[in-house]
Amino acid sequence: MDGIYRFYLEDRLIHEQKNALTVAGRSIVIKSLLGVIPNFANTIAYGIGDSANVFSASSSLITNSTLNFETGRARVIGSSLQVENNNDILVYSGTINDPFQSEIREVGLYPSPVLDSSIGMDGSLIFNFDNVDNFIKFGTASGAQLISAAAARIGSELFSIPQSDGASDYLQYSSTDGTLEYISRYTSQDTFRLAGLDNNTSSATINFRFYTDSSNYYDLSFATPTASGYFISELAKGQATITGNPSWSNITFVRFWQNNTESVLLDGLRIDLGSYVVDTNYGLISRAVLPEPIRKPASIPLTIEYSLSLGFNYGVS
């Protein structure tokens, strides 16, 4: 079974990209054709990650269970059976209608808007750093600012933060209304991902401290690559250093800072289900990485179409 993603801007085809089917995706497609599950094309996910697909050692399938850094989803609103090169082709399409500028470097297909339906949960974007009013600045962190940058992948701006020590110099987000309670539902094997830009040739450490109160907290320390450029760094939830007796279900504020002498620019922080999840009912069906990013302009819809060749010739009456 071969699949292709096609991208249309103002009804004009601007790119097409072959996909790779996942290990879980093969099972999901077969289950759908047998009527075990209702469908296998409900949502098209898109993101800013460009890591290569990881292929299974025993087949041409890939083992990826999520996108590298998902930024949004388009609900499949149209489907049809077409004929292409004398083969039956299933075609599904969805449209990104949000008013924001976005960059797409990867796409994936899901049979459900929620990856793990048993707990009603999927990956979540924690911060996109665009709304600086959410963050209180202390000490040297008062120099933190949004800057327009062509390298931004979420929106058009990056959040530049100067060197800060975390003791008196940091940025703080308050969550007294329980807005971060959902993090408690993720396991220790699930993954935090931080995206940003580090133009320095030495590695920086970017620290996020999740507080229940001032004496009880979790620390996550993300290291940027030694080579300058855009990065996506990962840490398992279980890698957090624990001080006192904090609770992920009661995070009241978050502080973050970075130790490099030069500023580091942040784009987004999210949490995803870990790679241990191979969900053959609701998991990722396929993923494609684009050779060049597609930029969706602000306020202009972008349609993504997924075509799957079933691998048998057309002509059965």
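1. Asp 11 sits in the loop that links strand E1 (2-9) to strand E2 (12-18). The model is a predicted one, and in it the phi of Asp 11 is near 65°, a positive value in a residue other than glycine. Most residues other than glycine have a negative phi. Asp 11 is exposed, because its relative accessible area of 78% lies above the 50% cut-off.

2. Phe 129 also calls for comment: phi is positive here, at about 65°, although Phe 129 is not a glycine. Its place is the loop between strand E8 (124-127) and E9. Is Phe 129 buried or exposed? With a relative accessibility of 1%, Phe 129 counts as buried.

3. Beyond residues up to four places away in sequence, Phe 129 touches a number of residues, including Phe 135, Phe 159, Phe 208, Phe 256 and Leu 269. The largest nonpolar core comprises 36 residues, and Phe 129, Phe 208 and Phe 210 are those with the most contacts inside it. Strand E19 (residues 264-272) gives the most to this core, contributing 4 residues. Apart from it lies another core, of 29 residues, with Tyr 5, Leu 9, Tyr 46 and Leu 308 among them.

4. Six strands form an open sheet in the order E9-E12-E18-E14-E15-E17, with antiparallel pairing. Its edge strands, E9 (136-138) and E17 (241-243), each pair on one side only. On average, neighbouring strands of this sheet are turned by 20° against each other, direction ignored.

5. Within this sheet, strand E12 (residues 170-174) and strand E18 (residues 253-258) run antiparallel and are joined by 4 bridges. Leu 171 has Phe 256 as its bridge partner in E18; Phe 256 is also one of the residues that Phe 129 touches.

Technical notes
Residues numbered from 1 in each chain as written. Predicted model: local features only at pLDDT ≥ 70, side-chain atom pairs only at ≥ 80, totals over all residues. Heavy atoms only, no water. Pairing = 2+ DSSP bridges. Helix = DSSP H or I, 4+ residues; strand = E, 2+ residues; numbered from the N terminus. Axes fitted to C-alpha atoms, helices over the stretch in contact; angles between N-to-C directions. Core = buried A, V, L, I, M, F, W, Y, C linked by side-chain atoms within 4.5 Å. Buried < 20%, exposed > 50% of the residue type's maximum accessible area, 1.4 Å probe, protein only. Contact = heavy atoms within 4.5 Å.
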